[in-house]
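This briefing is meant for a reader meeting the structure for the first time. It looks at a set of charged pairs and then at one helix.

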Amino acid sequence: MTDVTSAKSARRPHHWRRDLIELAALFTAVVVADTVAKTVVRGAEGPYMLVFSAIALIATATFHTWWARRHSHAPPATDTGGGSTPPPPTDGGTTERDEAAEPVAAVLWRMRTTVRDTPGSLAALCTALARHRVDILTLQTHPLAEGTVDEFLLRAPAELQANHLTREIAAAGGSSTWIERADAHDLVDTPTRLLGLATRTALDAAELPLALRQLLGRCTIHSLPAVSLTGRPTGESAPVEGILEETVMRLRDPGGGAITIERPYLPFTPTEFARARALVELDARLGPRVPRSQDVLTLPEGNEITVRRADQRDLVAARAMHDRCSERTLSLRYHGPVSDADRYLTHLLSPRFGRTLAVQTASGRLVALGHLFWDGDETEVALMVEDDWQRRGIGSELLGRLVAMAVEAGCESVYAVTQSSNTGMVAAMRALNLPLDYQIEEGTLVITARLAATAARSRPPYEELQDGTHQRAER
């Protein structure tokens, strides 16, 4: 502590004015003392003058001591030493009292509002936010033909309500204001977030719908194929440059058909449209791709199976598995005419509509498929296990992995559509140990598992992907 004090004292500039004043005061004191001494010796009122001089000297010494202490501890006007001395309080209090005060609870908000493109418009918004102790963490601007859309990430006091903040923004000149709660993931700056989404899309074609949803916020995405399951053209398409109609985007799907993105509560900006189109173009240039990671598992009876991602390159093996399955197995899976089951495979194995897991034996035979479908705002899971490999825990293993994928993708729930007599699927869903909802209509059972109670992985999926084979024993 002594070294720090000495270093700070050594940096203080030499105040020559103070020394000059002290020298003049000393000279004046000598003159006064000489005059008083002569008066005491020669005058009859010498003792009274001596007492008065003593009082005046004590008062002068006291004032000088106070003045010297006050100015010797004052910080210099310009601190060039880079010290960390806190500034004096401006409210008449002390620094110790401010540091002891409890921090104010705060929440994160994402807010978007439209302002006029004139000088001072943004300053008026910032002033309104500062008046309510709202801290602006990030700011993005989306230029429009008339005006500008400003998107904020805010940290506000917990007691500040969203509707009150919206009224204040409207009074400051903002219009079409939209606000929702944010979390720590929104603290990532926009360029970093875009690069992360591009990386996910580059590694896995099934990530494109998820990347678009994370890029654009709460929206509904539909992949519309160019050909229906019955082989008829659907007429769904979009120009190469895409179409933007306020709350709807239409982009050309690289695999044929169109990708429709809807956000009824908030119009898309040209900047968002350009970003979404860039992700779709990246997907088109890279072509079909799935991660090549795989896990080798040992079943209780000693058989080894491999679980891996599947795509349309597995179409022949999947058709062969269908041929080996019984009519009951196919009926439980497709809920319709068994003869039409093969028509769904091209659609099911497309990464555009979701993710598919395949299970193959040591000889390379495909014996099970698990699907995770992006169904607009909802997510569906479906399983099919070849008859000779049922009741061995394969279905539960696939279902657990599909649910983990849904959690990584930020899904709030997954649902399975089956028949009420499919006890295997019901048991697998119950084994998830998640809150379940059941709906039965004319023999069709819909089981919905809510994923809010499941913790998501701490890292993005593209950081989890690793090539190679992982060995794990299944109990």
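In this predicted model, Glu151 and Arg112 form a salt bridge whose closest N and O atoms are 2.7 Å apart. Because Glu151 lies in strand β3 (residues 148-157) and Arg112 in strand β1, the pair ties together parts that are 39 residues apart in sequence.

**Salt bridges**

- Both partners of that pair are shielded, since Glu151 counts as buried at 9% relative accessibility and Arg112 counts as buried at 3%.
- Arg401 forms a salt bridge with Asp295, with the closest N and O atoms 2.8 Å apart; as Arg401 lies in helix α13 (residues 394-408) and Asp295 in strand β9 (residues 294-298), the pair ties together parts that are 106 residues apart in sequence.
- Glu301 and Arg392 meet through their side chains in a salt bridge of 3.0 Å, N to O, and this pair links the loop between β9 and β10 with the loop between β13 and α13, 91 residues apart.
- Glu301 is partly exposed, with a relative accessible area of 44%, and Arg392 is partly exposed as well, at 26%.
- Salt bridges that share partners join Arg110, Arg112, Glu151, Glu180, Arg263 and Glu272 into one network, and the structure holds 19 salt bridges.

**Helix α9**

- The buried residues of α9 are Glu272, Phe273, Ala276, Leu279, Val280 and Asp283; seen down the helix axis, they fall within an arc of 130 degrees, so they line one face of the helix.
- These buried residues pack against several elements, including β1, β2, α7 and α8.
- Just after α9, Gly287 takes a positive phi of about 75 degrees.

Note on methods: Residues numbered from 1 in each chain as written. Predicted model: local features only at pLDDT ≥ 70, side-chain atom pairs only at ≥ 80, totals over all residues. Heavy atoms only, no water. Buried < 20%, exposed > 50% of the residue type's maximum accessible area, 1.4 Å probe, protein only. Helix = DSSP H or I, 4+ residues; strand = E, 2+ residues; numbered from the N terminus. Arc of directions from axis to C-beta. Contact = heavy atoms within 4.5 Å. Salt bridge = Lys/Arg side-chain N within 4 Å of Asp/Glu carboxyl O.
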